Each structure stands twice: as structure tokens, then as C-alpha cells.
Amino acid sequence: MAIVHDVMPPFQLFQPSSADEALDLLDARPDTWVLAGGMDSFDWLKDRTKRTSAVVDLSGIDALRGIREVDGGLEIGAMTTLVDVAEHAAVNARFKMLAEAAGLVASPQIRNQGTIGGNVSQDARCWYYRRGWSCYRAGGSTCYADTPTAVNREHAILGADRCVAVSPSDTAPALVALDAQMVLRRRGSERVVDAADFFLGPDIDITRLTVREPGELLTAIRVPATFAGARHYFEKVRDRQVWDFPLVNVAAAFKESGGTIQEARVVVGAVAAKPLRLRTVEAQLAGKPATEDTAKAAGELAIAGAQALRFNAYKIPLMRNLVRRAVRGGPLAATT
Amino acid sequence: MSHDDAHRLHDVPASVSRRNFIKGVIAGGAGVSTAAYLFRSGTLVSGQARTGAVERLITLTVNGQTRRVDVAPQETLANTLRYKLGLTGTKLGCDRAECGACTVLVDDVPRYSCSVLTHSVRTKKVQTIEGLADPDGTLHPVQAGVVLEQGFQCAFCMSGFIMATVGYLKKHPSPTREELAHGVSGNLCRCQDYDKILTALHRGSELARGVTRG
């Protein structure tokens with residue numbers, strides 16, 4: 001992207017101090033841009049790829065920040081920064097994979113400002129899309145990343161449907177693996193959506209990555225006690241050990257007894273437009289000993305149906321190996 | 001440039017550094033025209049003002065000083081610091097939260113000032129590289145470490161690295177070299193001078209703890 005050393009185009013800025021005020025504003029003007037940490041938003045606005053006439057800045061709403069105990073699980077305010085999630089004692093003690101996922105996002109400065117709500121709500125990183133090409137995701141009728149000459153090293157190997165962009169989030173696969181729930185509020189009502197249903201593939205809606213509607217706010221994320229204390233695994237593979245988005249990441253939880261896996265959650269990110277929960281793999285793992293043979297079989301099953309584009313064939317063995325490593329457990333390789 | 005400005009150029013005494021001269025000009029008339037260029041669309045916004053939207057004239061706390069400043073709603077902290085307050089020690093590299101050159105402390109936490117709306121730090125304390133040294137000119141230990149180890153080549157990235165380090169040390173006062181590398185991993189150096197930078201910043205962390213070497 002050509003770098004424009006200029007300020008963003010003008011917009012009106014609203015800085016409410018309560019969620020209700022923000023929801024009133026969104027109700028009156030549903031097209032208002034919702035600003036959390038801004039780490040995704042500012043790129044769009046500075047590049048003029050997306051424009052807005054009004055922004056609601058949530059950073060002054062204290063009630064949306066912080067981590068609370070709820071029924072043995074945790075409720076994480078959507079505006080809680082990634083560093084606060086990564087360093088929180090209860091998250092580390094009970095939901096280690098989420099702490100690790102948050103701690104592996106981008107860079108220290110971004111984790112100091114970026115929020116967990118923003119991390120799961122951020123838009124796709126497909127560079128054709130972000131550059132403003134009128135692709136399917138931008139409302140057009142072509143995918144520029146899926147042509148014979150396209151440069152698509154970071155793109156999807158599973159679940160592609162016209163659009164081949166992938167989910168860029170590190171915390172999203174962890175939240176899906178933990179059976180988390182997303183609290184979505186609009187003026188006068190609230191709905192709670194399973195994390196697995198919060199994210200959308202292009203087959204459902206090609207222009208957005210989550211079910212959040214205009215006028216709605218993601219206010220909190222609830223992580224139930226279900227997998228507290230189970231064996232957790234998170235690993236992220238990226239080009240550089242800082243800043244970069246995942247090439248592939250894996251989040252997994254295993255309830256085990258006497259060396260046998262009783263229940264498993266295996267979720268892979270950056271291979272499809274949403275974090276991909278591998279239900280067939282989970283079903284196969286249940287009741288199996290946590291051995292090398294089991295790990296190998298899980299890896300093979302994970303990549304069933306995977307299809308490479310021109311430059312991303314490496315993602316298939318990468319995904320297979322990450323699922324294997326998750327089942328195998330042990331120390332992480334790709335931490336910084 | 002007006003006749004007066006041109007005249008002033010010739011009057012610059014040899015002892016005035018280029019940097020101080022530029023800062024002086026920014027604080028004076030040329031600054032107004034620079035800002036008018038950068039924020040040329042500002043009048044449009046105030047023309048549409050609606051109830052509840054932010055006021056442009058705000059008060060910031062920067063390096064312990066209270067500064068009144070006219071800030072557009074879409075303005076980033078880096079732009080305010082550099083072009084409104086003349087604090088040009090904060091550098092703009094990528095302007096996309098990737099390089100770290102613009103790192104400043106907001107309530108003691110390192111943030112990319114290119115990606116912070118100035119209006120969102122109204123109630124917070126901002127510290128830039130200009131606010132590190134004591135009023136008597138005594139350098140901050142991290143600055144002293146950089147001087148002692150000659151830590152930077154071109155040093156465009158330096159103020160960002162130093163601010164990131166100062167912020168990191170507030171939470172982790174005794175880092176190993178490896179931990180500090182992680183702590184400043186949000187900053188890039190295009191000269192690829194990382195080894196020397198890290199040596200200098202780590203020396204700074206030792207100086208901050210009063211560790212002396214023979």
C-alpha cells in the first residue's frame with residue numbers, strides 16, 4: 001500500500017463513558033464505525049480503503065474492561081487489552097491457551113492497546129481486499145487472490161467459497177476451543193452467541209467475518225469452566241516471531257484420564273475464513289490413548305479435503321503437523 | 001516563505017542546531033501553515049458539529065506540562081506531538097503501527113502514537129523522549145546507556161526504542177538480554193543494528209538499577 005503521510009479523512013468522534021450511551025448512538029446511526037483499540041481500524045481509514053463519517057471510541061467505557069469470575073468461568077470485558085488477558089492470573093491458571101494466544105498477538109505496543117474484542121472482530125488481512133480491490137468481500141464479483149497468477153501464500157486451504165481470505169485472529173481459535181460465548185448488545189436487547197457461531201465463512205456471508213450486526217456491540221466474552229484445568233495447547237507459526245499474523249495456529253484442549261483422551265477440542269486458525277473446529281478429529285480422539293499413533297491419525301484426518309492455491313500448499317503439512325503436535329503436547333516451539 | 005522568514009534564516013547564529021531551529025519555526029508561524037496543510041479538512045468537521053461529538057480545544061498532559069491544543073477528531077497523537085506541540089523527537093516511520101519509531105508512554109505504557117487518537121489520551125499522562133532527561137540535563141539511565149555503548153547507527157528509530165525500553169523496565173526492572181529483546185520486539189531498526197541496540201538498552205537497564213561496571 002502506498003504510504004500516505006497524512007491524517008485520516010475527517011470524521012466526527014464520539015467518546016461515550018457508558019455502553020448504553022454507545023448503544024444509543026449506534027441505534028441512531030448504525031453506520032457509525034466502532035473503535036476499540038484501533039489497531040485494525042486506523043489502517044482502513046488511513047489507507048482510505050474504507051471511510052466513515054462518524055466514529056464511536058469505546059476506550060472511555062470502563063465497564064467494558066476487566067476480567068470477572070462468573071460461575072467458575074470468566075467474563076472478559078470486550079475492551080480488555082490483550083496484555084491484560086495474557087498476564088491475568090486466573091486466565092493463566094485455568095485457560096492457559098487463551099493467555100498464550102493473547103500473548104502471541106503482534107507486538108508489545110499492539111498488545112498494550114489492542115483489545116480481545118477487537119482481536120476477534122478484526123477484518124480479513126487478504127492484501128487484495130485490504131488494498132481496496134473490488135473483490136467479493138468488498139461487494140464485487142471477483143476474487144483476485146484465487147486466480148492462476150495470484151499471490152496467495154497466506155490464504156485459505158479449507159472452507160473457501162469464492163473468497164479465500166482467512167481468519168487472522170490468534171485469540172479466536174482459543175475462544176472457540178474453550179466453548180466461549182460472545183455477548184452482543186444492541187439498544188434494549190442482548191443476545192449470547194457461541195464463539196463457534198460468532199465467526200462466519202463466505203458461504204454464509206462473504207462480506208463480514210462475524211455475525212455482529214450494524215448497531216450491535218460485542219460487550220463481553222464468557223469463558224465457561226468446561227475446559228478449566230484441562231491440558232491446553234496453543235501454537236502459532238508465522239514468518240517473523242513478532243508482529244506477524246499466523247500462517248497457521250492451533251488451539252486445543254484435552255480432558256484426559258489415565259493417559260486416555262476423554263474429550264477433545266481442536267481448532268485451527270488462518271486456514272479458513274473462520275476458526276475451524278475439527279469436529280471429526282475431536283470425535284476420533286475421544287477414548288483414544290494420547291500416543292504418537294493417535295497424534296498422527298489426527299493430523300491426517302485434520303487435512304482431509306484441504307485444497308491448496310498456487311502458493312499456499314505448505315499450509316497443508318503445516319496444519320497436519322500442528323494438529324499432531326497439539327495431540328502430542330509438550331513444550332511449545334513457536335513462542336517469543 | 002515570506003520576506004521576514006527568509007530574513008530570519010540568515011540571522012540564525014551558528015550555535016543554533018538545525019533541530020532547534022526547525023522546532024522554533026514549528027512553534028512559530030511556519031507551524032501554523034504546516035498544521036493548516038495537514039489538517040486542512042478540519043473546518044469541514046466543525047461545520048457539521050453535532051451534540052455529543054468531541055470539542056476540538058483540549059488539554060493534554062505531556063512531559064508533566066499542561067498543554068492547551070486544538071486537535072481534530074481524527075488526529076493521531078504522533079501528529080499532535082510533532083506538528084502542534086513541536087515535540088519532534090517522536091518520529092513517524094510507517095504510520096501503521098508496524099515500526100515503533102513513534103513509541104511514547106501513555107500512563108507509563110508504551111504505545112504507538114501514530115495509532116492513538118489524541119482525543120483518547122485527554123485524561124492521561126503522555127511522556128515523550130523530550131521528557132526523559134532531568135530538567136538539569138542529566139540523562140535518563142537508558143539514554144546514558146545508549147551514549148555509553150554508542151547504540152545506534154542512524155538513530156531514526158532511537159527515541160522509539162528508548163521509550164519502549166523505559167516502559168518495559170517499569171514492569172520488568174531486571175530483564176535478561178533475551179527478555180529485553182522480547183520487550184522491545186515491537187520496534188524495528190532499518191540499519192539492522194539490533195545487536196548493538198540491545199547491548200546499549202541492556203546497559204541502560206543496568207544503569208537504571210545502579211549496576212556499575214569496573
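The legends below describe close-up views of a predicted model.

Local features are taken only where pLDDT is at least 70, side-chain atom pairs count only at pLDDT 80 or more, and totals for chains, interfaces and linings use all residues. Residues are numbered from 1 along each chain as its sequence is written, while chains are lettered from A in the order in which they are written.

**View 1. An open sheet of 3 strands in chain A has the order S1-S3-S2, with parallel pairing.** Strands are DSSP runs of E with at least two residues, numbered from the N terminus, and two of them pair if DSSP finds at least two bridges between them. Strand S1 (12–14) and strand S2 (33–35) of chain A stand at the edges with a single partner strand each, so one side of each is left without a neighbour in the sheet. S2(A) is joined by 3 bridges to strand S3 (residues 54–57) of chain A, where Asp57(A) is the bridge partner of Leu35(A).

**View 2. Chain A meets chain B through 28 residues of chain A and 37 residues of chain B.** Residues are in contact if their C-beta atoms, placed from the backbone, lie within 7 Å. On the side of chain A that touches chain B, the largest share, 5 residues, comes from H6(A), a helix being a DSSP run of H or I with at least four residues.

**View 3. Val271(A) is in contact with residues that include Ala156(A), Val248(A) and Met319(A), leaving aside its neighbours within four places in sequence.** Further contacts of Val271(A) include Ile157(A), Leu158(A) and Lys315(A).

Conventions:
Two residues are in contact if their C-beta atoms, placed from the backbone, lie within 7 Å.
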